Amino acid sequence: MKSATPFRAPRILVPYSRLRPEEKMLQAAAERLGIPVDFRDASSLAWPDGFDAKAGDAAICRCVGQTHNLALARLLESRGVRTINPSSVMTLCGDKIATAACLDAAGIPQPKYSVAATPESAVDAAESMGYPVVFKPACGSWGRLLAKVTDRNGAEAVAFHKAAMGPSHSVFFIQEYVEKGGSDLRAILVGGEPVSLMRRKSDHWITNTARGGKPEPCEMPGKLILLLRSVAAAIGGDFLAVDLFETEEGWTVNEVNGQPEFHGSVEATGVDLPGKVLQHAWDLIQPGLDSAGKPR
Ligand SMILES: Nc1ncnc2c1ncn2[C@@H]1O[C@H](COP(=O)(O)OP(=O)(O)O)[C@@H](O)[C@H]1O
Ligand SMILES: [Mg+2]
């Protein structure tokens, strides 16, 4: 007779590759909330033996590398694990061209953009958009490899250098440069709801905190909440960071991060983001139950 698979209660798996401040915050929040969370150093494990993942579990994929998280999410989903974010949302947010297309289809305001397939047509696109423009890799983060271009000579230099950098740089994503008054905004959404907002100020035009941008808290106006909810409805997902520019015509959405770092937001706003994410993950797999599995 075949022996039955031993029962184990659903739990949250957190694969990580380095204990950054975010993962340490998640560990502390799990302890504080009494939510069963299995932290695993994915850098020393191989699928499937290293991961005790079962249908009904949730996983918050926290590797540093976005491609690692995407691969893990796809594997975990194949076993019926609910991943945060779903792999489809990681894919969408991991590609700025796909995100722009999705925001466009939903009528969400964003900086004007153009996508070109050759360096020649990228230069033509920059010329017709008018300078300055920003060339961005479709897949990238931490403000890396962004180029603010102010004239045709610059556009030619950037476009032809990018063309020589291989296939991942051979599609050109070009945005209008937005005068944003020395800062941009970062909102965090959990379960489709905006939960924190900070301003990132910098003397440099690139305001990422990873590049020295200084975070400070700010109030979330009601109209911005509505805009952010529409972003969540268009993109989907459980845990998003939405970067916005404030312009005279209103807010525009610059980027949606599907695997966000969030320690800057926690430090600036004091909002318990790790607790909110864990609670959200728990509610997905154990709706209506407390962390001991008893009705709430
Ligand atoms: N079109 C733009 N106009 C003005 N500033 C920009 C523009 N695009 C990006 N930036 C600045 O660069 C930062 C990083 O750009 P982003 O598109 O978010 O790339 P990454 O994924 O590397 O964070 C933004 O937070 C903003 O400060
Ligand atoms: Mg960004």
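In what order do the five strands of the open sheet stand? Take the points below with the model in view; the model is predicted.

1. The order is 11-10-9-12-13. Five strands make up this open sheet, and their pairing is antiparallel. At the edges lie strand 11 (214–217) and strand 13 (250–257), each of which pairs on one side only. Direction ignored, neighbouring strands are turned by 30° against each other on average.

2. **Strands 12 and 13.** Look at strand 12, residues 239–247. Seven bridges tie strand 12 to strand 13, and the two run antiparallel. For one facing pair, find F245: T252 in strand 13 stands opposite.

3. **Helix 7 on the sheet.** Helix 7 covers residues 222–235 and packs on the sheet. It touches strand 9 (183–190), strand 10 (193–201), strand 12 and strand 13. The direction of helix 7 makes about 35° with that of strand 13.

4. **Helix 9 on the sheet.** Helix 9 (residues 273–285) also packs on the sheet. Its contacts are with strand 9, strand 10 and strand 12. The direction of helix 9 makes about 35° with that of strand 9.

5. **Helix 1 meets helix 9.** Helix 1 spans residues 21–33. The axes of helix 1 and helix 9 come within 8 Å and cross at roughly 65°. The crossing is right-handed.

6. **The residues in that contact.** Helix 1 contributes M25, L26, A29, A30, R32 and L33. From helix 9 come P274, G275, L278 and Q279. Which kinds of residue make up the contact of helix 1 with helix 9? Seven are nonpolar, two are polar and one is charged.

Technical notes: Residues numbered from 1 in each chain as written. Chains lettered and ligands numbered in written order. Predicted model: local features only at pLDDT ≥ 70, side-chain atom pairs only at ≥ 80, totals over all residues. Pairing = 2+ DSSP bridges. Helix = DSSP H or I, 4+ residues; strand = E, 2+ residues; numbered from the N terminus. Axes fitted to C-alpha atoms, helices over the stretch in contact; angles between N-to-C directions. Contact = placed C-beta atoms within 7 Å. Left-handed = near helix turned anticlockwise from the far one by under 90°. Nonpolar A, V, L, I, M, F, W, Y, C, P; charged D, E, K, R; others polar.
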